[in-house]
Amino acid sequence: MKLSFHGAARSVTGSRHMVELPGQRLLLDCGLFQGRREEAHFQNRDLGFDPKSVNAVLLSHAHVDHSGALPVLPQHGFSGKVFLTRATADLTQLMLEDSARVQVSDCSYVNKKEHRKGRASVRPLYNTDDVRKLVRRFEGTRYGDLLKISPRVTASFHDAGHILGSGAIRVKYTARGNTTTILFSGDLGRSNMPILGARPRNAFTHGAIVAVVDDL
Ligand SMILES: [Zn+2]
């Protein structure tokens, strides 16, 4: 197994983590890097891996720094499913449609200025059509349900108490009688939010923790 981190390492935005198992590449989150316009543009267009090679995505929650680069994946040949809770599916669609509209209007504002200086146009990362294409790949689930990702890989979501639908993700890989468990926390906890259940006491992370354990 190989883990690689393509964002939210030494920073808190652009959460994208790759789990490579034999015959299987799983992407945990696919967030938008948020920063200065030019740097963000570069970091979000080049995701640091080949989307075509990703078999499935598991999304911890709807915040754009965890979900906002998802519509880029199908543009580059990703044809797998995106597993997430049902509440996350509903919220993510709204967040991404809004993100697409903001990008389109931001690019049109920048292009007006750039054209006057004779410079090339900038393009939004995606538009609402790209979001629609992505949403068709959503596979909504409930907390605790066991999802069969592939013959040797299962996954489940567990309430992270961060925003509606947020989930820590447990992935299990079984081969030759041995099981390896990967726990991806996503963002955990939230203060003073009685609407959210199962808030881990005294636990709050902005950014994710990944733990790998054999034979759980
Ligand atoms: Zn968050």
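Of the 216 residues in the protein chain, 47% count as buried, where buried means under 20% relative accessible area, exposed over 50% and partly exposed in between, with a 1.4 Å probe and protein chains only. This is a predicted model, so local features need pLDDT of at least 70 and side-chain atom pairs count only at pLDDT 80 or more, while totals for chains, interfaces and linings use all residues. Residues are numbered from 1 along each chain as its sequence is written, and side-chain values use heavy atoms, with hydrogens and water left out.

Some totals to begin with. The protein chain has 5 helices and 11 strands; these are DSSP runs, H or I of at least four residues for helices and E of at least two for strands, numbered from the N terminus. Its accessible surface comes to about 11,400 Å², and carbon and sulfur atoms hold 50% of that. Those areas come from the Shrake-Rupley method with a 1.4 Å probe, and for residues only the protein chains shown count as cover. Contact means heavy atoms within 4.5 Å. Among contacts in the protein chain with a separation of 6 or more, 60% are between residues 24 or more positions apart.

Now the metal site. Which residues coordinate the zinc ion? They are His61 through NE2, His63 through ND1, His162 through NE2 and Asp187 through OD, at 2.2 to 2.3 Å. Donors here are N, O and S atoms within 2.8 Å of the metal, or 3.2 Å for Na, K and Ca, and water is not among the atoms, so sites may look incomplete. Along the chain the donors follow the spacing H-x1-H-x98-H-x24-D. His61 sits in the loop between β4 and α2 (64–67), and His162 in the loop between β8 (153–159) and β9 (167–175), so this pair ties together parts that are 101 residues apart in sequence. Both of these histidines, His61 and His162, are buried.

As for geometry, the 4 donor atoms make angles of 93 to 163°, and the site of the zinc ion is irregular. The label follows from the cut-offs: four donors count as tetrahedral if all angles lie between 85 and 135 degrees; four count as square planar and six as octahedral if opposite donors are over 155 degrees apart and all others between 65 and 115; anything else is irregular.

Ile163 counts as buried, at 15% relative accessibility. Not counting residues up to four places away in sequence, Ile163 touches His61, Ala62, His63 and Leu196.

On to helix α5, residues 128–135. Its buried residues are Asp130, Val131, Leu134 and Val135. Seen down the axis of α5, they fall within an arc of 135°, so they line one face of the helix; the arc is that of the directions from the helix axis to the C-beta atoms. What do the buried residues of α5 pack against? They pack against α3 (72–75), β5 (81–85), α4 (86–116) and β6 (138–141). At the N-terminal end, Asn127 caps α5, with a side-chain oxygen 3.0 Å from the backbone nitrogen of Asp129. That is a polar contact: a pair of N or O atoms within 3.5 Å, where within protein one must be able to donate a hydrogen and the other to accept it, and residues adjacent in sequence count only if both atoms are side-chain atoms.

Strand β5 contains Thr85, which is buried at a relative accessible area of 4%. The side chain of Thr85 reaches the backbone oxygen of Gly165 at 2.8 Å. Leaving aside neighbours within four places in sequence, Thr85 is in contact with Gly140, Thr141, Tyr143, Phe157 and Gly165.

Asn55 lies in the loop between α1 (37–45) and β4 (56–58) and is partly exposed, at 35%. A polar atom of its side chain is 2.7 Å from the backbone nitrogen of Arg25.

Last, two backbone angles. Most residues other than glycine have a negative phi. Asp29, in the loop between β3 (24–28) and α1, has a positive phi of about 65°. Arg176, in the loop between β9 and β10 (178–184), has a positive phi near 50°. Are these two residues buried or exposed? Asp29 is buried, at 0% relative accessibility, whereas Arg176 is exposed, at 82%.
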